[in-house]
Amino acid sequence: MPLSVQETEVKNPPVSRPPLDPHLKALENEAIHIFREVAAEFEKPVMLYSVGKDSSVLLHLARKAFHPGRVPFPLLHVDTTWKFKEMIEFRDEIAQKYDLDLVVHTNPRGKAENITPFTHASAFYTDIMKTEALRQALDAGGYDAAFGGARRDEEASRAKERIYSFRTPDHRWDPRNQRPELWNIYNGMIRQGESVRAFPLSNWTEVDIWRYIQAEDIPLVPLYYAAERPYVERDGMMILAEDPRLELKPGEEVQRGMIRFRTLGCFPLTGAIRSTASNLDEVIAELEIATVSERQGRAIDRDQSGSMEKKKREGYF
Amino acid sequence: MTVSAQSAPTPAASATILPFAEPLKGSRDTKPLRLITCGSVDDGKSTLIGRLLWDTKAVKEDQAVTLARDSGGQNDLGLPDFALLLDGLQAEREQGITIDVAYRYFATDRRAFIVADTPGHEQYTRNMATGASTADLAILLADARTGLLEQTRRHATIAALMGIRQFVLAVNKFDLVHYDRAIFDGISQDFRELAMSLGVRQITAIPMSALKGENVVYRADAAMPWYQGPTLVEALELATVRSTQAGGFRLPVQRVVRPGESFRGYQGTVSGGSVKPGDSVVILPSGTVANVKQIVTFDLVRNAAVAGDAITLVLDRQVDVARGDMIVSIDAQPMTGKDFEAQLVSLQPSGIEPGKRYWLKSGSRRQRVSVEPISQLELATGTWLPHASTLQMNAIGKVRLSFEEQAIFDPYDQNRSTGAFILIDPDTLNTVAGGMVTAKRSDLGSIEVRHEGQRVILSLPADLAEQIMASELFANRRDEAEIRHMTAAQAAELFSDAASDI
């Protein structure tokens, strides 16, 4: 929808937020630069949108980068059908509110072969419903660049990944053969079939993400904030117990308590933490004294050391 | 106060967050400091970075547990093996080597830090150049028992070449020389001379033991009461981030945004100087002149933008501007031309071949270039030796760049953004070199000029020069002229240098 400047100014009146501090401003500038560079150099970019807090920041930065124009690429959500219900509601609301093109893909094998996080090992389930699904969706769309919200501080193999992360036609990442990346000059030249994953949030840390959400007033899925919720304890994790597909095992019982999530994935594989942080300020205060990393709640990272690298090599984001 | 790996609670159902009695980290009034660590495993580099991450609490308990499980033990101080924390890839853990540039993040109450961590042995030139390209400061490690090695000189030379102007010398394993002050004084004096010879004047030397955590994050007054200087973290907190705000305005145009017929904006990141509505600008390479009408950002229409800002610029008239063009201030323009001199680092096994046509990318501009090597830096001695054949991987060379169309650069020592470029091999599409422009080839002193024709160098008062430059005659032949602003003293020096050449 074409907008003139005048209309834009009426729609988005100058907000009275204080300016970003120099630290966040530098990170924001870098991310916007990456967004614009990829959008200019690639024919068909797409943005991976997982509905989580990092994706929310990524989307906000994309809107800033292309203002007063529209975000010039679609958002892709790989829906395993096992996401939290609130995530799906939030996703659809945001897409409508910001006039975004949203592409949702689910691997048909999930339904055909009845692959679920309860019946299959988490590694296999993730491989089919996330990694394979992502490859299917990228191939179907013919995308030559895909933005992701990964950060280098998340996990050891990510620390070595480039901002433009090159992929072979079958989506493989070769960590030993990455293109050198100097200054902020990115090499976007690829052959037919090859693609690039671009990570504008590479240099952000978890604290930066939260402080930016606070400074920019970015809406989030409410699951990030503590509330009294039903849960069961299973395999050392607190799993949200509100989806009827969750069947209790012998000895398990639904409990209620003040819990929240530090990361959001598939609900059966994502552990909650006990917390009373029910708003942004409290979440940040809690985070700044945290002694465990955010991925601690993710079952898929704990399978084995190097499990993230293995998944990435196979095409996982 | 550190939590040892064994006493850390195992992740369990009750993943309650345990508060440390530490002050909160609030808003930061500085940009993150980017730095690079140079040294080898033998110097204790992994231990130093691990110590920095550990003592600033960048390592979380579950990571420490994984670490303890993987290492199957810990060292005699009850700490996990830091190298395992840093070596993220399976191949590295299996082979016990570090293979690429990794980025680490830690923060204090005052500042955040981004560390480019590069291996000390294998292909260190290539990896160091990559890590150093974005760094404002280099930490060079030396083992207190051995002092400076040839390797230290190599690392310092590469860091200085890539534009780093702040060095910290970490004299590590100082406990092993019984905290002998004379040893520290000797090594730091040697280093000072080395750094000064490379043009680096901001130098801090710190005696430390990374293994014991002395003078890294915490002071070691008991062991070294004579040392009054900063700890490593204090030195990093005080370091400066280079800014290119002082020079002329530079906006490499990344893309043109046209949401409607009435709006046309030029999007890019300001790579030098500053801009405000009303400023006169030139679009390069076309030379078209316009004025700035508006600086648009998502939040509000701004009244100024400075180097580093990602902006959308609106001009006061319809002009032809495309991606790859550069919008610059009218009174402090970059160099434009088809022939430049540069230094570059060869990054791939194929090397840089004389006469081969490469793609060159600088800012948002990508164009064809052919490269002729002139000389190669011998890192052991710091001298340039004539070299006209292929520059092998890891070689640092001086080259001539010949473009088919107009190119736009600032000298790298004046602007690390508009003076930098990468070369892309048209056959493999891989990045094969990182380069830094030193000068335009028609500049004073180059041999070609004398073949091409006579030149006259004038030293004029700035106001008179401006009047001459404003004339139509001058504007029409702008490409052929070189303009440098300088003080009267600098001009006098330049003329005396020129006289001595004759």
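In what order do the four strands of the open sheet in chain A sit? Let's start there, keeping in mind that this is a predicted model.

## A four-stranded sheet in chain A

The order is β8-β7-β9-β10, and the pairing is antiparallel. At the edges you'll find β8 (237–240) and β10 (273–274) of chain A, each of which pairs on one side only.

Now zoom in on one pair. Strand β7 of chain A covers residues 227–234, strand β9 of chain A covers residues 255–260, and five bridges join them in the antiparallel sense.

## Two helices crossing in chain B

Over in chain B, take helix α5 (residues 124–132) and helix α6 (residues 150–161). Their axes come within 9 Å and cross at roughly 40°, so α5(B) and α6(B) are oblique to each other. The crossing of α5(B) past α6(B) is right-handed.

Who does the touching? On the α5(B) side it's Y124(B), T125(B), M128(B) and A129(B), while α6(B) brings R154(B), H155(B), I158(B) and A159(B). Sorted by class, this contact has five nonpolar residues, two polar ones and one charged.

## A helix under cover

Is α5(B) mostly covered or mostly exposed? Mostly covered: nine of its nine residues are buried. Among them are R126(B), N127(B) and G131(B), along with the contact residues Y124(B) and M128(B).

The cover comes from several elements of chain B, including helix α6 and the strands β1 (33–38), β2 (102–107), β3 (112–117), β17 (335–346) and β21 (396–409).

Technical notes: Residues numbered from 1 in each chain as written. Chains lettered and ligands numbered in written order. Predicted model: local features only at pLDDT ≥ 70, side-chain atom pairs only at ≥ 80, totals over all residues. Heavy atoms only, no water. Axes fitted to C-alpha atoms, helices over the stretch in contact; angles between N-to-C directions. Parallel < 35°, antiparallel > 145°, perpendicular 65-115°, else oblique. Left-handed = near helix turned anticlockwise from the far one by under 90°. Contact = heavy atoms within 4.5 Å. Nonpolar A, V, L, I, M, F, W, Y, C, P; charged D, E, K, R; others polar. Pairing = 2+ DSSP bridges. Buried < 20%, exposed > 50% of the residue type's maximum accessible area, 1.4 Å probe, protein only.
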